[in-house]
Amino acid sequence: MGNAEEGIFFLTGKDFTNAGAASSSLKGILERRGVPQDIIRRTAIAAFEAEMNVIIYAVAGMMKYRITDTEISVTLQDMGQGIPSIELAMTEGYSTAPDYIREMGFGSGMGLPNIKKSTDSLVVNSVVGEGTTLEFMIRLKAGE
Amino acid sequence: MDLQTIIDSLSLEVITPELDLHREVTGGYVSDLLSDVMGNSHEGNIWVTFQIHINIIAVASLKGHSGIILVNNRKPEAETLKRAIAENIPIITTTLPTFELVGRLYALGLRCR
Amino acid sequence: MNLSEIRNILNAIVLTDEDALQKTVACAYCADLMSDVLSFSVTNSLLITGLTNTQVIRTAEMAAIEMIVFIQNKRPDIQTIKLAEEKHIPLLVTAFSMFDACGRLYEKGLRSLARVNVVHRA
C-alpha cells in the first residue's frame, strides 16, 4: 500500500550515453513499490520506447510520472520537430529514422505501436516544428 | 541449395511470385545492421532480417543475395516491394522469429559462408 | 539451458558475471533492432545480437532478458560492460556468425517461444 508518488526526469536530445536511464530509474521505483512484474515490464517497455523517441528526434524533453494504487501514468513532453502525421507514425514499420539511427538498433518503426500494445491508454499530440506530448496509462489492480 | 526448395521445406510465404525462385543459395546471413551485411555477407546468400525499408534492396542487390526473408510476419514497405521486383530480389516472409527460422535453415544444411 | 552450456556450444568467452555459470534461460531471441526485442521477446531469454552499444543493456533490462551473447567477435565497449555488470546481465562473445550461433543453439534444443500477433488488450 502506498500513496501517490510522482517525479520527473529530464531528457537531452542525442544523448545516447544516458539514453534509457530515465526508464531504468522508473523501473526501479516500480520495483521498490512491489508492483507486479508483468506491469513493470509493460511500463518499462513503453517508457523506454517513448524516451528513445525523445532522444532520437527531439532537442530536449522530460518524462513525468505519477504512480497511485490504481494506475501508473507517464507523460513525455519534448521540444523538437514534432510528428506530421500521428496516424502514419502509429503504423507498424513506418519510420523517419536516418540511417545512423538504424545502425544503432533503432528506427524500425515499432516504437509507437509498441507503446500502444503495452499500455491501457495512449494519447499523442504534436505540433510540427514545436514538439510532441505523449501520455500513457497502465492500470494497476486495486489493492496491489 | 535451391531457393524454391527452402521455401517449400519451410512453408514460407513468397511476396514476389513474379520473380524466378529457382536460384542457388550459397549460404545464410542474418543481421539487421546494413553496414554489417555490406561488410560480411556473400553473393548468393539468403538474407534474414527484420528491416523492411527500401535500403535493404540496395544492399541485397549490391551483394548479389539470392533473396531476403522477412521475419515476424513483417511485410515490405510499398516502395521496397517495387524496388525488389525491379532489382529481381525475391522477398519471402515467415511468421517465425529470427532464431527459429535460422535454426530451421541451419537444420536444412545452410551455413554462413 | 544454462550459461555454461551456451558457452560451450558457442565456444564463447564470458565477459562479465563469470560466476553466473548456472544461470539459466528458457528461450532465445535473435535481433539487432531494439524495438523488435521489446515487441516480441519473452522474459528469461538469451539475446543473440551484433549490436554492442549501451542501449542493448537497457533494452535487455526493460525486456527482462537474462543474458546476452555478441556474435562475430563483436566486443562491447567499457561503458556497456560496466552497465551490464551493474544490472547483473552476463555478457558472452562468440566468434560464430549470428547465423551459425543460432543454428547451433537451435540444434541443441533452444527455442524462441516468442509469438507473433499475440492478442493484446483492445
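**Exercise 1: the sheet and its helix**

Helix 2 (residues 37-57) of chain A lies across strand 1, strand 2, strand 3 (71-80) and strand 5 (131-139) of chain A, and runs at about 5° to strand 3 of chain A. The model is predicted: local features need pLDDT of at least 70, side-chain atom pairs count only at pLDDT 80 or more, and totals for chains, interfaces and linings use all residues. Residues are numbered from 1 along each chain as its sequence is written, and chains are lettered from A and ligands numbered from 1 in the order in which they are written.

Helices (H or I, at least four residues) and strands (E, at least two) are DSSP runs numbered from the N terminus. Axes are lines fitted to C-alpha atoms, for helices over the stretch in contact, with angles from 0 to 180 degrees between N-to-C directions. Contact requires C-beta atoms, placed from the backbone, within 7 Å.

Task: In what order do the 5 strands of the open sheet in chain A occur?

Solution. 
1. Pairing requires at least two DSSP bridges between two strands.
2. The order is 1-2-3-5-4, with antiparallel pairing.
3. Strand 1 (5-12) and strand 4 (121-127) of chain A are the edges, each pairing on one side only.
4. Strand 1 of chain A pairs with strand 2 (residues 58-67) of chain A over 8 bridges; there, A:Gly7 has A:Tyr65 as bridge partner.

**Exercise 2: the interface**

Task: Which element of chain C gives the largest share of the side that touches chain B?

Solution. 
1. In this interface, 24 residues of chain C contact 21 residues of chain B.
2. Strand 2 (27-30), helix 2 (34-40) and helix 5 (98-107) of chain C each give two or more residues to that side of chain C.
3. Helix 5 of chain C gives the largest share, 7 residues.

Conventions: Two residues are in contact if their C-beta atoms, placed from the backbone, lie within 7 Å.
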